[in-house]
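Visitor: Hi, can we go through the charged pairs here? Keep it simple, please.
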Amino acid sequence: KIRMMFSKYYDEDNFLFFFVNERTGESQWHRPIGLGASAENDLPEMDFSSALTLQQQEEEGKEEGAIEEYKENEDPQGYDQVANLENQLGFQISAVKHPPFKFLAGPYCKRTKGKPGRNVTRALGNRKLKDSHEVLDKHGRKAFANPKEMDLDVELYGPDVSALDGLVIREVPAEPYMLMRASYERGAMSILDTMERYKENRHVILFGILSLGKMAIVETADGVASAESERAMDVIMKVCEDWKENMAILSASLGALASLSDNYANRIMMNEKKWMPLVVKLMKMVETETSEVYIRFSDGVKKVTMTSVSRHSRELAINGSKFLFNMSCDEANREYVADSGLPLVTYVMKFCSEDPTVQHYGCLALYNFVYRNEPAHYQANEEGILDLLAEVLSNFGGDDNLRKACKRTIAAMEPEGWRGNLGVKFDDSKM
């Protein structure tokens, strides 16, 4: 039935095939849904010259003058003129040159490849579906397709809500991730409100902290920290106190602080808070985990106990180093951050010696600590930072970005490097 309804044509200007519904006259770039993707079900290619019906051929000579008149006054947006002319002639002439492509816009439209539709989400995906706020199933149930359309007043794990799952409306319970996705679409304040509403639910708190870490909360028009960023800082610090034994929430909280500190106005606001004791406490919580694996040897299979850094400990080290790196960007606060941050970064770099991401952010933080900061430069040399950096170069020889950051930090550790003079040449040809 689908094969009888559609015809396949080739567009020489765009080098793509398109399909024409013979009943409605609508054209589309994508294959009809019921046709499938198999080459055996493909439609034969039609030619524009053969698209004219017998009636069109008979009337072509009679109405040639009308068609020529239209061609003389033709413009690329003249689809209405085509429709009026077709009504006068009594048959379709759209296939004489190019069929008038009919596109729909909305959440169900998909992006096309190639020239047509490039950077424009207009190509028709499914004509049966309307706009998201009008999606109804056969029972008359209304569903939301975008998280921002979800009602945040629904009860967590309460009565089921109608949600669009692909092409089907399903009844699902309101879950923490679903609530937080809907809150994320409404902004930082909505996330914080949802977190305070379900402050006893660890899943809501975790997804809320992760959502805050993905948001770019910028300053106000006056160049100061916004109310959203200040409230987010207070909520994150309170979460760390309430969930002090949940490593997943703690590591995500440190990541949210690192994301918040990307903005200069937010860093000024954060300097007024007592964040350093919290960071020291979190970065010292890194731990290892043991696991038993079975390894096959020549004399049989043996059970071996392996020790490695836990996943949340690596996240604590990465997010903590990134946070200290950001907070030491400002010269006015650099000495204070470096005083407590330098031992912390050194500790996590040694603890996670096999993780290249920890080493990379550690090198960036160490460089900021000693840049134009003579006390931190002396402190770093006393703690043997140069030996640690040399070991990083030796262990990660294939990581170009890490080697570049490490060599720049080594240059800053030279006697005059803390002044910002990075003209010191580092020769690693012998390594």
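Visitor: How many salt bridges does the structure hold?
Guide: It holds eleven salt bridges. A salt bridge is a side-chain nitrogen of Lys or Arg within 4 Å of a carboxyl oxygen of Asp or Glu. This is a predicted model, where local features need pLDDT of at least 70, side-chain atom pairs count only at pLDDT 80 or more, and totals for chains, interfaces and linings use all residues. Residues are numbered from 1 along each chain as its sequence is written, and side-chain values use heavy atoms, without hydrogens and water.
Visitor: OK. Which residue does Asp330 form a salt bridge with?
Guide: Arg267, with the closest N and O atoms 3.0 Å apart. Asp330 sits in the loop between α12 (311-327) and α13 (331-351) and Arg267 in helix α10, so the pair ties together parts 63 residues apart in sequence. Helices (H or I, at least four residues) and strands (E, at least two) are DSSP runs, numbered from the N terminus.
Visitor: Is Arg267 buried or exposed?
Guide: Arg267 is buried, at 9% relative accessible area. Asp330 counts as buried too, at 13%. Buried means under 20% relative accessible area, exposed over 50%, partly exposed in between (1.4 Å probe, protein chains only).
Visitor: New topic. What do Lys303 and Glu292 meet in?
Guide: A salt bridge, 3.6 Å from N to O. Lys303 is in strand β7 (residues 300-309) and Glu292 in strand β6 (residues 288-297), eleven residues apart. Glu292 is exposed, with a relative accessible area of 51%.
Visitor: And which residues do shared partners join into one network?
Guide: Asp193, Glu196 and Arg231, through salt bridges that share partners.
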